[in-house]
Amino acid sequence: MDASRSDVLILGGGVVGLACALYLLQSGASVRVLEQGTPGCGSSHGNCGTITPSHAAPLAMPGMLGVALRSVLRADAPLYLNPRLDGPRLRWLLGFARHCNWRDFEHAAQARAAILQRSRRLLAALVRDEKLDCEFVESGVMYVYRQHAPMAADEHHHVSVLERLGIPVQRLRGEEVAAMEPALKPGVVGGLLHPEDARLRPDRYVAELARLVRERGGVIETGTRIERIDTEQRRIVRVGTTRGDFAGERVVLALGAWSPLLGRKLGLRLPMQPGKGYSLTYSRPALVPHHPLVLRDVSVCVTSWDSGFRLGSTMEFSGYAEGLNRTRIDALRRGAAQGLREAEGAQLQEEWWGWRPMSVDEIPIIGASARWSNLHLATAHGMLGVSMSAATGELVAAQLNGTAPAFDPAPYAPARFGL
């Protein structure tokens with residue numbers, strides 16, 4: 001038997017690739033994961049770790065393109081579009097603009113809600129049943145407002161969308177928020193609590209997934225960069241890497257923001273762009289919020305764990321430009337300082353950036369390729385890879401095994417883009 005051959009070869013060892021590996025192993029398949037770095041070293045590592053059915057609504061809606069274009073003039077804007085000329089990014093923006101209408105908004109919201117709600121239930125069961133050590137807490141996530149106008153806007157739109165989707169939201173007065181969250185500075189005018197949201201420490205969650213995959217007999221090849229893909233007719237027969245050649249009866253593309261780059265080797269034009277995010281991780285301050293917070297006026301996410309404290313958020317479209325943007329890191333600090341009594345811990349442990357895999361319609365791409373007979377895609381989860389991970393793994397396993405999925409897979413199918 002060829003030791004380099006598996007039933008399923010998964011390209012990418014981030015949170016989605018590892019979740020796919022785990023559910024496929026549970027179904028009896030042999031699985032090998034190829035990861036260019038270490039498990040979860042990309043956007044799975046430094047995000048704020050919130051599990052958010054509350055984020056079902058997409059960014060794309062009427063007026064959003066104008067917001068993005070105006071951000072060219074503000075390098076510290078929460079949503080920032082770098083003015084550098086970039087052909088693929090321009091094509092993506094034009095496609096994104098076409099989805100900024102209420103019909104596509106509603107379609108995307110329903111698709112995102114279905115996978116988010118399923119994943120939320122699966123993740124809680126996985127943590128409980130497998131005793132995952134990842135600081136998972138079913139705390140809810142609170143939006144906090146220091147100005148009336150943004151709260152009124154969210155009550156009009158955000159709350160109504162979630163209520164239509166069956167996702168609960170609790171409206172809070174300023175004094176209620178202050179009583180629940182003494183870590184906040186005075187001046188809060190109100191809040192929205194999303195009680196079905198949760199939190200975990202994402203790097204530990206990914207490490208636990210990797211542990212389970214190995215314990216179940218899966219193989220994770222780390223430090224394995226893909227250099228070529230050999231095909232015959234409509235089939236992928238071999239993947240050449242820096243650590244040798246590997247093959248699988250089925251191949252799952254789960255490379256996150258790197259998916260479009262590898263897709264080109266297969267003649268696939270994935271309508272995706274990297275959306276750069278940033279975070280700051282500190283030792284835990286003495287006074288921390290009880291809930292993960294989104295400081296809506298400044299678009300800063302705040303999450304605390306027993307093991308630390310993180311500020312994050314922002315969305316920057318600057319192509320595949322690497323490195324920290326100090327302007328945006330400083331904006332996180334300023335925004336947190338406006339809202340929190342203790343905005344930083346005593347020790348700065350990490351300044352982080354990572355690329356989120358943003359699809360043009362903000363719906364993940366999950367399903368069989370129409371072009372390659374043994375290729376399956378599991379990518380384009382945007383800012384919600386951790387939140388959607390468990391349901392994505394379950395869905396991919398069901399599709400490869402030919403069993404009935406737990407929710408309608410049609411909205412996520414690669415065929416919508418001719419892939």
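A380 is found in the loop between β19 (375-379) and α12 (385-401), where helices (H or I, at least four residues) and strands (E, at least two) are DSSP runs, numbered from the N terminus. The phi angle of A380 is near 65°, a positive value in a residue other than glycine. A380 counts as buried because its relative accessible area is 3%; buried means under 20% relative accessible area, exposed over 50%, and partly exposed in between, with a 1.4 Å probe and protein chains only. This is a predicted model, in which local features need pLDDT of at least 70 and side-chain atom pairs count only at pLDDT 80 or more, while totals for chains, interfaces and linings use all residues. Residues are numbered from 1 along each chain as its sequence is written, and side-chain values use heavy atoms, with hydrogens and water left out.

**Loop residues**

- E135, which is not a glycine, also has a positive phi, of about 55°.
- E135 belongs to the loop between α5 (102-130) and β5 (141-145), and E135 is buried because its relative accessible area is 16%.
- L340 is placed in the loop between α11 (326-339) and β17 (348-359).
- With a relative accessible area of 2%, L340 is buried.
- Apart from its neighbours within four places in sequence, L340 is in contact with A183, L184, K185, P289, L293, V302 and F309; contact means heavy atoms within 4.5 Å.
- A distance of 21 Å separates the C-alpha atoms of L340 and G46, which are 294 residues apart along the chain.

**Strand residues**

- H194 is part of strand β7 (residues 190-194).
- Is H194 buried or exposed? H194 counts as buried because its relative accessibility is 1%.
- Neighbours within four places in sequence aside, the contacts of H194 are S54, G140, V141, Y143, H158, L162, P168 and V169.
- Q170 lies in strand β6 (residues 170-173), and Q170 is partly exposed because its relative accessible area is 39%.
- When neighbours within four places in sequence are left aside, Q170 is in contact with G191, L192, L193 and P195.
- The C-alpha atoms of Q170 and A108 are separated by 23 Å, and these two residues are 62 apart along the chain.

**Aromatic rings**

- The structure holds 8 aromatic pairs. Rings of Phe, Tyr and Trp (its six-membered ring) pair if their centres lie within 6.5 Å; planes under 30 degrees apart count as stacked, over 60 as edge-to-face and the rest as tilted.
- Why is the pair of W92 and F96 stacked? The ring centres of W92 and F96 are 5.2 Å apart and the planes meet at 15°, so the pair is stacked.
- Both W92 and F96 lie in helix α4, 4 residues apart, which is about one turn of the helix.
- W92 is buried, with a relative accessible area of 5%, and F96 counts as buried at 6% relative accessibility.
- Y282 and F309 form a tilted aromatic pair, with 6.4 Å from centre to centre and 50° between the planes.
- This pair links distant parts of the chain, as Y282 is in strand β13 and F309 is in strand β16 (residues 308-317), 27 residues apart.
- Y282 and F309 are both buried.
- One aromatic cluster is formed by W258, Y320, W353 and W355.
- The charged end of K276 sits over the ring of W353, 4.7 Å from its centre. A charge sits over a ring if NZ of Lys or CZ of Arg is within 6 Å of the ring centre and within 35 degrees of the ring normal.

**The second largest pocket**

- The second largest pocket holds about 460 Å³ of space.
- Of the 20 residues lining the second largest pocket, P88, R91, R269, L270 and P271 are the closest to its centre.
- On a 1 Å grid over the protein atoms alone, a pocket is an open set of points where a 1.4 Å probe fits, with protein on both sides within 12 Å along at least five of seven lines; lining residues have an atom within 4 Å of a point.
- At least two lining residues come from each of α4 (87-98), α10 (259-265) and β13 (272-282).
- Which element gives the largest share of the lining? The largest share, 6 residues, comes from α4.
- The lining has 12 nonpolar, 3 polar and 5 charged residues. Ala, Val, Leu, Ile, Met, Phe, Trp, Tyr, Cys and Pro count as nonpolar, Asp, Glu, Lys and Arg as charged, and the others, Gly among them, as polar.

Terms used
Grid points are joined across faces, edges and corners, and a volume is the space filled by probe spheres set on the points.
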